[in-house]
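Good morning, and thank you for coming. Please look at the structure on the screen while I take you through some of its parts.

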Amino acid sequence: MRAIRRFTVRPVLPEPLAGLSDLVLNLRWCWHADTRELLNSVDPELWARTRHDPVRLLAEVSPQRLAELAADKKFTRHVELAQADLSDYLTEDRWYQEYIAQNPDAPKAIGYFSPEFGVTEVLPQYSGGLGILAGDHLKAASDLGVPVIGVGLLYRHGYFQQSLNNSGWQQERYPLLDPNSLPLTLLHDHGAADGAERPVVIEVPLDGRTLYAQVWVARVGRVPLLMLDSDIEINSGPDRDITDRLYGGGSDHRLAQEILLGVGGVRAIREYCRITGAVLPEVFHTNEGHAGFLGLERIREYMTGVDGRPALNFDAALEETRAGTVFTTHTPVPAGIDRFDRDLISRYFARFDPVDIDRILALGAEDYEGGDPGKFNMAVMGFRLAQRANGVSQLHGEVSRQMFHGLWSLFDTAEVPITSITNGVHHETWVHPSLLELLESARGNTDTVLDGYDWSALERVDRSTIWSLKRQMRIDLIEMARDRLAGSCAARGLPSDWTADVLDPDIVTFGFARRVPSYKRLTLMLRDPDRLKRMLTDPKRPIQIVIAGKSHPDDEGGKRLIQQMVQFADQEDVRHRIVFLPDYDISLARPLYPGCDVWMNNPLRPYEACGTSGMKAALNGAANLSIRDGWWDEWYDPAFGWAIPSAEGVDDPNQRDDLEARALYDIIENEIIERFYDTDSRGLPHRWIQTMIETVAGLGPKVLASRMVRDYVERLYTPAAASSRQVSQTPTSAEDLAAWKRRVRELWPQVSVDHVESLSGETIEVGTSIEVSALVRLGELKPEEIEVQLVTGRVGPGDELLDIRSHPFPAGVDQPDGLRRYQGKVTTERAGSIGYTVRVVPCHPELANDAEMGLAALPKITEP
């Protein structure tokens, strides 16, 4: 018989060991080396067997061992010190406390919503980069003292576990997770009228019925992560399965998950703050469109009256919501955006009173050129519900401004209000502990010290020490790879006796690990298999490659790519030099990044949003070998690795792949191998070690998640909090702003630029002025409600203005016939063909940017 449910009996710890419970239930242990060392010392063999799961460790450790530890004064003292250290970490002032003291506009709390969180492999609630990024965001926020509350879903089956069959085809398995065996606590309400303590239950209207969810809390250092769970008795059978697995099921299932995440998440935050006394968020951050319905719930709250304030109409509620909302898009391809049939949205929100369904549908409408009127677009709703939005690298910001230009079609692509904050990674999670010790212990130029580590410290470390450490990192990777490869062979029914000798700690090691959609091109390295084999098996200077990655269960094309790679790696003449490791997760990634000398990434440019795996490798001294896409496009430097030339001008995809694969092979053969095996009499490759030193020093401060979170605080969270307070400062502020926008939209057709005249000659010199006069018709709008701008730029094909700059005109002068003359000038700063035009845009102190309303008036151009 099989168990249909499991539960975990947690031990009653002896009093001297009681502090272990606090340490285990706060996920800081997953990135805090001293706490992990303490947990390892409980029972090293059991710690390894439980795959570093502290809840399982304490559940399975023998009573005799606990008694021994309780009597061990050295161990109990270690527990006391670790508990005191955690207490200090949770309560002491950190970066944000100093920041908010100097910046009163900074938010008192931020709600951070994401469909997945990759905090630790023990809590498998992530599929790939989006979830790992969200986990690193919470960890860095905790380290900095930023008052974030995370919100996600608790998937009872998590994301799938990957294995391979005999032919190398991906197999998926969804093990059942017992929340009681995870480092979670159930949120309880201690203030019931009858004095009883009951689990908090969130109610969400859904397709004409009510969905219920309980709330589990994970402690990510200082940050609470609220995870909603629909698998409770009060729900009907199908509703219990809404939180069954990450990215599973069809459109109805996915939509139900996203409504629970957004609408239920806001309600969960309110309950958590009511019960714990935590400050309610002023800013809400939507990490990708999946969580976008949080904006609808906030609109509903404002329309029904919230926090003792009077009820607002929809337009005013929208302004209140937008002012305090930040939206991050991670998607560089339209196919990655969630889109639902409008009829499905209408059905699921039929009882979302008092919000009118037509207003809901309008938020996600693709009512722009090329859009599908039958679809509801979650990213489009995200942009319309957020006053501030960003992509996750500079290049991705450019791609996003092009993708979503239709929402702001009257503005130049560069003016689309989507900024960029490049992702970062949490160094204490991803950097090898021994390397961190080197960076922490050295004391050099304080200008290079960030977050307690001196990223230039390797410059002052003996090179033999650096190289010995890197070799040990390779050994750690190889031991993990051999163990996983042996297990995979056994599961596939293949002999595994050969796996004990795969890979070599003295061979240049390449890593490639990521999700496996087609655009990431897992198999580009196989374009010329014979040439790759020659590199792998060279008797004097071989290479070796470690590969991992999962394909979405419904992506047959991605699975075929994995199978091709596995079948190549299965060949007897190369299997000792190239391995595919199944079930890519945090536990696999941790030794993989440090153990690689070169990190490969070869997506189709520009379809990589960021690519944080290369950042993790760089922090461990690995050189990047990558297409200049994502973060590598903005921070590439020959000192840090190599750029694979991108053949974007080639239309034939096969020819493009051939060209880029050839460039990849050339760089490996002619540059990487030459540098790695160029050693002195002691076997030290000085040029390679210098690359390691410069990579850590040059990229370290840039790729940190702490830098990323600081950027969010300073560039998005603080302005959003200021806007939110501004729009809510009086009971009528939001209503006034909404009424003003409504009036401007109604009167905008009356606005026109009737005549533009140059007061300068056709040819002028750099440093002199272009002076322009314009006659503008405002209709019923007041002069202070608009801004007239002189827009200049280089002249491109079709007289398009490129690299535009806008310059406000001084206040105008009324003219007869309802016209107003504006006259201004701008000094030329560059030579060449410079063009200009005049533009009128709405103007209000509470607009975040010129393009916010999507309105502009330009001179009419008469074609010859």
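I shall speak about helix contacts, then sheets, then cysteines, and lastly some single residues.

This is a predicted model, in which local features need pLDDT of at least 70 and side-chain atom pairs count only at pLDDT 80 or more, while totals for chains, interfaces and linings use all residues. Residues are numbered from 1 along each chain as its sequence is written, and side-chain values use heavy atoms, with hydrogens and water left out.

Let us begin with the helices. Helices are DSSP runs of H or I with at least four residues, strands are runs of E with at least two, and both are numbered from the N terminus. At what angle do helix α12 and helix α15 cross? The axes of α12, residues 314–323, and α15, residues 378–385, cross at roughly 95° and come within 8 Å. An axis here is a line fitted to C-alpha atoms, for helices over the stretch in contact, and angles run from 0 to 180 degrees between N-to-C directions.

On the α12 side the contact is made by Leu318, Thr321 and Arg322, and on the α15 side by Phe383, Arg384 and Leu385. Contact means heavy atoms within 4.5 Å. The residues in this contact of α12 with α15 are three nonpolar, one polar and two charged. In this scheme Ala, Val, Leu, Ile, Met, Phe, Trp, Tyr, Cys and Pro are nonpolar, Asp, Glu, Lys and Arg are charged, and the others, Gly among them, are polar.

A second pair is helix α25, residues 653–676, and helix α26, residues 686–699, which pack at an angle of about 100° with their axes 6 Å apart. These helices, α25 and α26, are therefore roughly perpendicular to each other. Ile672, Glu674, Arg675 and Phe676 in α25 meet Arg687, Trp688 and Thr691 in α26. The contact of α25 with α26 comprises three nonpolar, one polar and three charged residues.

We now turn to the sheets. Two strands pair if DSSP finds at least two bridges between them.

Another open sheet has three strands, ordered β28-β27-β31, and its pairing is antiparallel. Its edge strands, β28 (801–808) and β31 (834–842), have a single partner strand each, so one side of each is left without a neighbour in the sheet. From one strand to the next, the twist averages 30°. Strand β27, residues 786–795, pairs with β28 in the antiparallel sense over six bridges. Val795 has Leu801 in β28 as its bridge partner.

Next, the cysteines. How many disulfides does the structure hold? There are zero disulfides, a disulfide being a pair of cysteine sulfur atoms within 2.5 Å. Cys489 is in no disulfide, and the nearest cysteine sulfur, that of Cys596, is 20 Å away. Cys489 counts as buried because its relative accessibility is 4%. Buried means under 20% relative accessible area, exposed means over 50%, and partly exposed lies in between, with a 1.4 Å probe and protein chains only. Cys273 is also buried, with a relative accessible area of 6%.

Finally, some single residues. Ser400 lies in helix α16, residues 394–403. Is Ser400 buried or exposed? Ser400 counts as buried, because its relative accessibility is 0%. Leaving aside residues up to four places away in sequence, Ser400 touches Thr329 and Ile418.

A cis peptide bond joins Asp353 and Pro354, with omega about 0°. Pro354 is in the loop between α13 (342–348) and α14 (357–363). Arg605 and Pro606 are also joined by a cis peptide bond, with omega about 10°.

Leu503 is not a glycine, and its phi is positive, near 65°. Leu503 sits in the loop between α19 (463–492) and β19 (508–513), and at 4% relative accessibility Leu503 counts as buried.

Thank you for your attention.

Conventions. Parallel < 35°, antiparallel > 145°, perpendicular 65-115°, else oblique.
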